[in-house]
Amino acid sequence: MIVLHLVANLLALFSVIMAVIFAKRHNLRRHHFFIFVTIVLMTFAVGFMLVLFRGLANVHCILGLAIYIYVSFTLLSGILFRRRKLSRNVHRIYGILAISLVAAQIFYGLLKSRFFN
Ligand code: HEM
Ligand code: HEM
């Protein structure tokens, strides 16, 4: 079952990277599409684990939920940027930090479950 969590998170990382590539090409429709896919995949991956382990079972869970909430703030920053209430650079920094955090959490999850169990 944890493999499902791994696959959904890896796909989410791939999808958010695609979203940034399309943002760089100024293709907003695809930027939005891949962001949508990312959020759906992450909601599934995180929600599924929260149900399976009945809450925040360990440090990885707490960090994972915090990162999920942070990604939601990045989404909000994108909406604020569209409404011209936030600069492009701020949205970009939020986005790059979000990708880095998700990648780090995948690395941490793999390290924890594959090598230290
Ligand atoms: C998790 C959510 C999101 C992430 C990680 C993200 C990430 C990014 C990044 C990194 C860039 C800058 C690309 C570059 O370096 O040039 C960007 C650009 C942009 N984003 Fe987002 N974004 C997210 C959500 C959104 C949302 C929800 C909206 C709009 C409602 C949005 C609208 C835009 C726009 C308009 C641009 C500029 C594209 C252009 O230059 O034509 N983003 N995004
Ligand atoms: C950004 C969010 C998250 C990411 C990217 C992530 C990523 C990962 C990865 C890559 C693994 C290794 C899977 C494997 O080796 O097959 C893993 C394991 C695991 N994850 Fe997550 N995860 C996230 C959030 C969560 C949350 C919120 C929970 C708990 C509610 C959770 C619970 C677990 C558990 C129980 C394991 C098994 C390893 C262990 O901790 O003993 N994860 N995660």
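Predicted model: local features only at pLDDT ≥ 70, side-chain atom pairs only at ≥ 80, totals over all residues.
**View 1. The whole protein chain.** Residues are numbered from 1 along each chain as its sequence is written, with chains lettered from A and ligands numbered from 1 in the order in which they are written. Along the principal axes, the C-alpha atoms fill a box of roughly 45 × 20 × 20 Å.

**View 2. Where α2 meets α3.** Helix α2 (residues 28–52) packs on helix α3 (residues 59–82) at about 155°, axes 11 Å apart (lines fitted to C-alpha atoms over the stretch in contact; angles run from 0 to 180 degrees between N-to-C directions). The two are therefore roughly antiparallel (over 145 degrees). On the α2 side, the contact residues are Ile-35, Ile-39, Met-42, Val-46 and Met-49; α3 brings Cys-61, Gly-64, Leu-65, Tyr-68, Val-71 and Leu-75 (contact: C-beta atoms, placed from the backbone, within 7 Å).

**View 3. Around ligand 2.** Of the 26 residues around ligand 2, Met-49, Cys-61, Gly-64, Gly-109 and Ser-113 come nearest (a residue counts if its C-beta atom, placed from the backbone, lies within 6 Å). Two or more shell residues come from each of α1 (2–24), α2, α3 and α4 (88–115), and α4 gives the largest share, eight residues.

Key. Helix = DSSP H or I, 4+ residues; strand = E, 2+ residues; numbered from the N terminus. Parallel < 35°, antiparallel > 145°, perpendicular 65-115°, else oblique. Contact = placed C-beta atoms within 7 Å.
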